Amino acid sequence: MLAVHQLLAFNDNYIHLLLDEASGEGAVIDPGDAAPVLQAVERNGWKLTQIWTTHHHADHAGGTEELKAKLGLKVFGAAIDAHRLPGLDVGLKDQDELRLGEHRARALFVPGHTSGHLAYWFDDERMLFPGDTLFAMGCGRLFEEPADVMWASLSRLKNLPGDTLVYCAHEYTLANGRFAKNIEPENESLLLRLNEARAMRDKGLSTVPFRLDLDLATNPFLRAGSAQAFAELRRQKDVFK
Ligand SMILES: [Zn+2]
């Protein structure tokens, strides 16, 4: 079994811990802050061995060096971003394999939000860790690449199996849902999902992970149909209030 634990950092970042029960090995994905990870590790007696970074932004990589120093972890991330990923030990390119006990994941190169962005994909377990590329009913902002590059990356993620569980790195669901509803006011699946998300957030629950097929039915960015339509949506979202 591969267990996933979710920690909240800052206001709305999710740090995910993966624990392989058979080997006792653990990995942490995008530790923007070391403190919540150290607390969870101490409290539960977990043994972490690896850090997997999706991209260089401080709210994803800011806790890496402290965790590496204190716990002796091996740091994985995009080879192309070696100059700006703190503490990087193993540079990855598209399709490179990562291992946690007997579990295998692959790095998917998904530039758009940043030029060196990776997602981590577990084929057997049907789990995706897309960092800031894909969110529930939304997608990351385009900081370093044009829209067609992000569209190509999202199109790759779209083609993963529908029953994939998506563990994105932020709780942006309600804000994204409001924009999505504005774009597709008659999409029943979207209205239902937004209501469910509101009820979950009212109870303080996380809306992450979510199923990819639900997102395919409700995320206007995945439903854009062309790079051009996607670019227009992204422009609208950037100024949506
Ligand atoms: Zn980011």
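Me: Which angles do the 4 donor atoms around the zinc ion subtend, and what kind of arrangement do they make?

Reply: First, a note on the source: this is a predicted model, in which local features need pLDDT of at least 70 and side-chain atom pairs count only at pLDDT 80 or more, while totals for chains, interfaces and linings use all residues. Residues are numbered from 1 along each chain as its sequence is written, and side-chain values use heavy atoms, with hydrogens and water left out. As a general idea, ideal angles at a metal are 109.5 degrees for four tetrahedral donors, and 90 or 180 degrees for six octahedral ones. Here the 4 donor atoms subtend angles of 91 to 173°, so the arrangement is irregular.

Me: Which residues coordinate the zinc ion?

Reply: Donors are N, O and S atoms within 2.8 Å of the metal (3.2 Å for Na, K and Ca); water is not among the atoms, so sites may look incomplete. In this model the zinc ion is coordinated by His55 (NE2), His57 (ND1), His113 (NE2) and Asp132 (OD), at 2.2 to 2.4 Å. Along the chain these donors follow the spacing H-x1-H-x55-H-x18-D.

Me: Is histidine 55 buried or exposed?

Reply: Buried means under 20% relative accessible area, exposed over 50%, and partly exposed in between (1.4 Å probe, protein chains only). Histidine 55 has a relative accessible area of 0% and is therefore buried. Histidine 57, with 18%, is buried as well.

Me: What is the order of the strands in the open sheet?

Reply: Strands of a sheet pair through backbone hydrogen bonds, either parallel or antiparallel. Helices (H or I, at least four residues) and strands (E, at least two) are DSSP runs, numbered from the N terminus, and two strands pair if DSSP finds at least two bridges between them. The open sheet has 6 strands in the order S7-S8-S9-S10-S13-S14, with mixed pairing. Strand S7 (97–100) and strand S14 (210–211) stand at the edges; each has a single partner strand, so one side of each lacks a neighbour in the sheet. Strand S13 (residues 165–166) pairs with S14 in the antiparallel sense over 2 bridges, and valine 166 stands opposite phenylalanine 210 in S14.

Me: Which residues touch the most other members of the largest nonpolar core?

Reply: A nonpolar core is a set of buried Ala, Val, Leu, Ile, Met, Phe, Trp, Tyr and Cys residues joined through side-chain atoms within 4.5 Å. Of the 28 residues in the largest one, those touching the most other members are Leu108, Leu128, Leu134, Leu154, Leu157, Leu160 and Phe230. Strand S9 (118–122), strand S11 (134–135), helix H4 (147–158) and helix H8 (227–238) each give two or more residues to this core. The largest share, 5 residues, comes from H4. A second, separate core of 18 residues includes Leu100, Ala105, Tyr120 and Phe122.

Me: How many aromatic pairs does the structure hold?

Reply: Rings of Phe, Tyr and Trp (its six-membered ring) pair if their centres lie within 6.5 Å; planes under 30 degrees apart count as stacked, over 60 as edge-to-face and the rest as tilted. The structure holds 9 aromatic pairs. One of them, between tryptophan 52 and tyrosine 120, is tilted, at 5.3 Å centre to centre and 45° between the planes. Tryptophan 52 lies in strand S4 (residues 48–52) and tyrosine 120 in strand S9, so this pair ties together parts that are 68 residues apart in sequence. Both tryptophan 52 and tyrosine 120 are buried. The rings of phenylalanine 135 and tyrosine 172 have centres 4.9 Å apart and planes at 70°, so that pair is edge-to-face. Phenylalanine 135 is buried, at 3% relative accessible area, whereas tyrosine 172 is partly exposed, at 30%.

Me: Where is proline 209 found?

Reply: Proline 209 is in the loop between helix H6 (188–202) and S14. The peptide bond from valine 208 to proline 209 is cis, with omega near 10°.

How values were computed: Tetrahedral: all angles 85-135°; square planar, octahedral: opposite > 155°, others 65-115°.
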